[in-house]
Amino acid sequence: HPADLIVSVHPLVNRPMLDALRKFEQHPPYMIVVTDLVSGHVSWWDARCDRCLVPTQPAFDAGLANGMNADQMRITGLPVHPKFAEALTDKVSARKELGWDPDLPAVLMVYGGDGMGPVYETVRAIDSKKPPCQLVVVAGRNKTLKQRLDATEWNVKVTTYPFVTNMPRMMAAADVLVTKAGPATISEACIAGLPMIISDAIPGQEEGNVTYVTENDAGVFAPTPEMVGDAIASWLAKGQNELTRLADNARHLARPEAVWDIAKEVWEYAQKPMIPNPPRKRS
């Protein structure tokens, strides 16, 4: 296809695509946009690419360790839809719009669009501590989970939602996020200045995300419902100053302009001429 630029956002296409491009006399520039926050499959790092945009310093370091040159790469952050940052608002306004208690700390629990995992057990573990907070649980498309949560009597105020499309408002209104270690959710939480309790991570692919959050003191890893409950109780016991400190640390990791920086580089590289390939050796 007569493209001016090829942009890859998945690791497994890079090696076969770059192999194929080397069979022509010339090829368009090839750019890789790494969409794993920290831990990445080795196929992200192919030194034959012309440009590689990475979300974090650990991802940049991984590129160097896997044969990339420093001048091939640039740290841009992970692209988050610009509407997310635009839809963020102050906590007071967000809570008023959502109808949440304006005075109680709000713990937002998000487990993906399908509400998978030990969500009910985690709510019970938190509730058993009787923390001075309100719990907001997004059950997603899991209707059974929402019905079960709604049918239970709780010690604390529990508000449930099905699948939602106003996550920026919810993150703006919340004080703590309980979630799995997905890169997009972590990036959104950082933009919102929302400290995280990470309750699950995909082995290998998301483990580095956990380390990234915890080493920057923007959250903790609590892989069991009981540990989530303990973490929330500990944070709330330390008061608002602790939540503010953690929120500032999360915000320090944010790169809300990443999507624009990436788009700018894509446009610039699309203007570049075709790149000649070295002559192929005849067998």
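Guide: A disulfide is a pair of cysteine sulfur atoms within 2.5 Å of each other. With that in hand, we can look around this predicted model, where a search of the whole structure turns up 0 disulfides.

Visitor: How do you know that cysteine 52 is in no disulfide?

Guide: Check the distance to the nearest cysteine sulfur, which belongs to cysteine 49 and is 5.1 Å away.

Visitor: On to charges, then. How many salt bridges are there?

Guide: The whole structure has 15 salt bridges. One of them joins glutamate 265 to arginine 51.

Visitor: What makes glutamate 265 and arginine 51 a salt bridge?

Guide: Their closest N and O atoms are 2.9 Å apart, and the cut-off is 4 Å, so the pair qualifies. Glutamate 265 sits in helix α12 (residues 258-270) and arginine 51 in strand β4 (residues 51-54), so this bridge ties together parts 214 residues apart in sequence. Both partners are buried. They also belong to a network of salt bridges that links Arg51, Arg74, Asp261 and Glu265.

Visitor: How far apart along their helix are lysine 146 and aspartate 150?

Guide: They are 4 residues apart in helix α6 (residues 143-150), or about one helical turn. An α-helix has 3.6 residues a turn, so residues three or four places apart point the same way. Lysine 146 and aspartate 150 form a salt bridge, with their closest N and O atoms 2.9 Å apart. Lysine 146 is partly exposed at 23%, and aspartate 150 is partly exposed at 45%.

Visitor: How do you know that helix α8 is largely enclosed by the rest of the structure?

Guide: Count its residues: 7 of the 10 in α8 (residues 183-192) are buried, so the helix is largely enclosed. Those are Pro183, Ile186, Ser187, Ala189, Cys190, Ile191 and Ala192. They pack against α3, α7, β9, β10, α9 and α11. Just after α8, glycine 193 takes a positive phi of about 65 degrees.

Visitor: Which residues have the most contacts inside the largest nonpolar core?

Guide: Trp100, Leu108, Met170 and Met196 do, in a core of 38 residues. Elements that each supply at least two residues of this core include α4, β6, β7 and α8. Leucine 108 touches Val136, Met170 and Val178, among others. There is also a second, separate core of 26 residues, with Tyr111, Ala139, Leu145 and Ala222 among them.

Key: Residues are numbered from 1 along each chain as its sequence is written. This is a predicted model: local features need pLDDT of at least 70, side-chain atom pairs count only at pLDDT 80 or more; totals for chains, interfaces and linings use all residues. Side-chain values use heavy atoms; hydrogens and water are left out. A salt bridge is a side-chain nitrogen of Lys or Arg within 4 Å of a carboxyl oxygen of Asp or Glu. Buried means under 20% relative accessible area, exposed over 50%, partly exposed in between (1.4 Å probe, protein chains only). Contact means heavy atoms within 4.5 Å. A nonpolar core is a set of buried Ala, Val, Leu, Ile, Met, Phe, Trp, Tyr and Cys residues joined through side-chain atoms within 4.5 Å.
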